[in-house]
Amino acid sequence: MAELDIGKHCQIDSCNQKDFLPFVCDSCSGVFCLEHRSREAHSCSEEPVKREPRTEGGSTSYPCSFQDCKGKELLPVICPQCEKHFCLAHRHQDDHKCEKLVVQKPRMEATKELVQKIIESKDGSKSKGRRGAKNSATAAKVALMKLKLHAAGDKGLPQTERTYFQVYLPKEAKDSSQPMFFCSKWSVGKVVDYAASLASLKNNNNVLTAKKLRLCHPQTGEAFRMDDTVLSLLAHPDSPLYNGGNVILEYLDNECTGLEDVSEYITQS
């Protein structure tokens, strides 16, 4: 039986790795592996291809830079990492396979150890620390079970990729909070867009001068970076986020970095 020839080899001589999902450089049209996909990584000698805005019927439109996408927007939607124009459907790094996307690696075992250490450090006594850890773990499991009963989300997501949060909504929203679940691989920006859709919130994040919907720290009120992933936030040693925990969604001015008083949200439900 003939063997299937799937994938291509990286054009970097010192690499030559065969990648089943190779990347094609939009400047030199070379084929590269994940590690050498960016122009800097393979020392691309060609100038980057820039798709200029088009003028149609007196109005300017911005075509999407994603391969084979014919979408375009009336306002520029620029990726802050690769600085290319994209349509709304491809504006997130993972959606347009950004050449500067940092691939997050799962660290579940390390996360469990860090969470255990944080819980034990709450009390100087080892015996009390063990009881506190047990009680906290039990409370977290109960909270997660309750969320799973009522949470809204994409039913097509595998159970292993779902992360559940009690999402505290903006002050002007009809409800104070809603249970939702998201894909752990999503970026914070994609979580914000999806949560806004589930809660029927106005989302002007693509408008430069408008207030932006931001996902915020449930204890300090600090706004999370839009390009961070849910998985990376759960794995961070200083993050209070966990599967079944709380997050706050609120409109912030462009120069604002977070909320001043998180108690206004958490205590109102």
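This tour moves from the whole chain to a sheet, its core, its aromatic rings and one histidine.

**Before starting**

The model is predicted: local features need pLDDT of at least 70 and side-chain atom pairs count only at pLDDT 80 or more, while totals for chains, interfaces and linings use all residues. Residues are numbered from 1 along each chain as its sequence is written, and side-chain values use heavy atoms, with hydrogens and water left out.

**Stop 1: the whole chain**

Display the protein chain as a cartoon. It has five helices and 11 strands; helices (H or I, at least four residues) and strands (E, at least two) are DSSP runs, numbered from the N terminus. Of its 269 residues, 40% count as buried. Buried means under 20% relative accessible area, exposed means over 50%, and partly exposed lies in between, with a 1.4 Å probe and protein chains only. The protein chain exposes about 17000 Å², of which carbon and sulfur atoms supply 51%; such areas come from the Shrake-Rupley method with a 1.4 Å probe, and for residues only the protein chains shown count as cover.

**Stop 2**

In what order do the four strands of the open sheet lie? The order is E9-E8-E11-E10, with mixed pairing. Two strands pair if DSSP finds at least two bridges between them. E9 and E10 stand at the edges, each with a single partner strand, so one side of each has no neighbour in the sheet. On average, neighbouring strands of this sheet are turned by 35° against each other, direction ignored.

Now follow the pairings across the sheet:

- E8 and E9 run antiparallel and are joined by seven bridges; Thr163 stands opposite Phe182 in E9.
- E8 and E11 run parallel and are joined by four bridges; the bridge partner of Tyr168 in E11 is Ile248.
- E10 and E11 pair in the antiparallel sense over five bridges. Leu213 has Tyr251 of E11 as its bridge partner, and Cys216 stands opposite Ile248 in E11.

Colour E11 and E9 by accessibility. Seven of the eight residues of E11 are buried. In E9, six of the seven residues are buried, so this strand is largely enclosed by the rest of the structure.

**Stop 3**

Select helix H3 (residues 188-198). Helix H3 packs on the sheet and touches E9, E10 and E11, its direction making about 135° with that of E9. Axes are lines fitted to C-alpha atoms, for helices over the stretch in contact, and angles run from 0 to 180 degrees between N-to-C directions.

**Stop 4: the core**

Show the side chains of Phe165, Val167, Leu169, Phe182, Leu201, Leu215 and Leu249, the residues with the most contacts inside the largest nonpolar core, which has 31 residues. A nonpolar core is a set of buried Ala, Val, Leu, Ile, Met, Phe, Trp, Tyr and Cys residues joined through side-chain atoms within 4.5 Å. Which element gives the most to this core? H3 does, with five residues.

Centre the view on Leu249. Leaving aside neighbours within four places in sequence, Leu249 is in contact (heavy atoms within 4.5 Å) with residues including Val167, Leu169, Val192, Leu201 and Leu215.

**Stop 5: the aromatic rings**

A search of the whole structure finds five aromatic pairs. Rings of Phe, Tyr and Trp (its six-membered ring) pair if their centres lie within 6.5 Å; planes under 30 degrees apart count as stacked, over 60 as edge-to-face and the rest as tilted.

Select Tyr164 and Phe181. Their ring centres are 5.3 Å apart and their planes stand at 45°, so the pair is tilted.

Next, select Phe182 and Tyr194, an edge-to-face pair with 6.3 Å between centres and 80° between planes. This pair links E9 to H3. Phe182 is buried at 1% relative accessibility, whereas Tyr194 is partly exposed at 23%.

**Stop 6: His90**

Finally, select His90, in the loop between strand E7 (72-73) and helix H1 (108-120). Is His90 buried or exposed? His90 is buried, with a relative accessible area of 16%. Beyond neighbours within four places in sequence, His90 is in contact with Cys64, Phe66, Cys69, Asp95 and His96.
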